[in-house]
Amino acid sequence: MYGFCDASLRQTAAWASAKGLGVFSNVAILKRLRNCDEWLSEIIGAILSRRRITAPKGVKISILDATYMTLRDSNGSDYCLHMNMDLNDGRILEFRISDIHDGETLRKYAVERGRIYIADRGYASGIGISHIIGHGGEVVIRHHQTRLKLCNKSGAELNLPELLSTLSLGEIGDWDLGYKESDESKPIRLVAIKRTKEAMKAEVRRREDKARKSRRKISGRSLEMSKYMCILTSLKRDESGAEKVLEFYKY
């Protein structure tokens, strides 16, 4: 009632009383809300366990994501909610609310040394990746072809579709490359797999739907890239092989 139906504390207390849940004052409701974090964590943990999503023992993993919020009577998004969830116990480590212009960025999160941070391609930016790595964390992030420019180890421009075209169906590629941040080239590892025909068709449909909603056409390069799943990571190859990196991203 309070969180999703926009009721006030007094209205929530009155609703609880009318439903026979108990007689509460608005202050009592507030105190319960302020102390419900462990209860919510238990619920999240139970949902994850039913989906059999658990982190490997001894590995600290965070899932990062954001969602956009719209105020009442607004025509567009007004704020961005950033959330960091610990996969190990299903607990929310931190959340922040920012101005809509900040968008999704890894710089919004505090970094714990040795922890692996997994995020979708909306977070694939050079300055964000450098923020995590620079503070001792590790990244597993889906590549975004327009937001992040990749290069070879010497810093020369990379023809990514040409590199990926060497993969056969279901084959996994693993390359030591670089990414551009300002005028610098910094090391990163690219793990990619060529999708099955069914997965490829599903990805094309997803991109077509997204393009239709934004009233734009899909480029030939975008259609070519839909054949592959591309993951960027700072994890060392001798500690986390290509299959392990793809497994991490599935979380």
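## Close-up views of a predicted model

**View 1. L164 and its contacts.** Beyond its neighbours within four places in sequence, L164 is in contact with W175, A192, M225, Y228 and C230. The model shown here is predicted.

**View 2. The largest nonpolar core.** This core has 30 residues. Those that touch the most other members are L106, I129, L150, L160, L164, W175 and L190. Several elements give two or more residues to the core. The strands among them are β1 (61-69), β4 (116-119), β5 (138-142), β7 (172-181), β8 (184-194) and β9 (228-233). The helices are α4 (126-134) and α5 (160-164). In soluble globular proteins, nonpolar side chains tend to be buried together.

**View 3. H82 in strand β2.** Strand β2 spans residues 79-86 and holds H82. Is H82 buried or exposed? H82 is buried, because its relative accessible area is 0%, under the 20% cut-off. The side chains of H82 and S98 are joined by a polar contact of 2.8 Å. Neighbours within four places in sequence aside, H82 also has contacts with residues including D65, E94, R96, K108 and Y123.

**View 4. A nonpolar surface patch.** L71, Y79, I92, F95 and I97 make a patch of about 490 Å². Strand β3 (residues 91-99) gives the most to the patch, with three residues. I92 lies in strand β3. I92 counts as partly exposed because its relative accessibility is 33%, between the cut-offs of 20% and 50%.

Definitions and conventions: Residues are numbered from 1 along each chain as its sequence is written. This is a predicted model: local features need pLDDT of at least 70, side-chain atom pairs count only at pLDDT 80 or more; totals for chains, interfaces and linings use all residues. Side-chain values use heavy atoms; hydrogens and water are left out. Helices (H or I, at least four residues) and strands (E, at least two) are DSSP runs, numbered from the N terminus. Buried means under 20% relative accessible area, exposed over 50%, partly exposed in between (1.4 Å probe, protein chains only). A polar contact is a pair of N or O atoms within 3.5 Å; within protein, one must be able to donate a hydrogen and the other to accept it, and residues adjacent in sequence count only if both atoms are side-chain atoms. Contact means heavy atoms within 4.5 Å. Patches are made of residues with over 30% relative accessible area and no salt bridge: like charges are joined within 9 Å, nonpolar side chains (Val, Leu, Ile, Met, Phe, Trp, Tyr) within 5 Å. Accessible areas come from the Shrake-Rupley method with a 1.4 Å probe; for residues, only the protein chains shown count as cover. A salt bridge is a side-chain nitrogen of Lys or Arg within 4 Å of a carboxyl oxygen of Asp or Glu. A nonpolar core is a set of buried Ala, Val, Leu, Ile, Met, Phe, Trp, Tyr and Cys residues joined through side-chain atoms within 4.5 Å.
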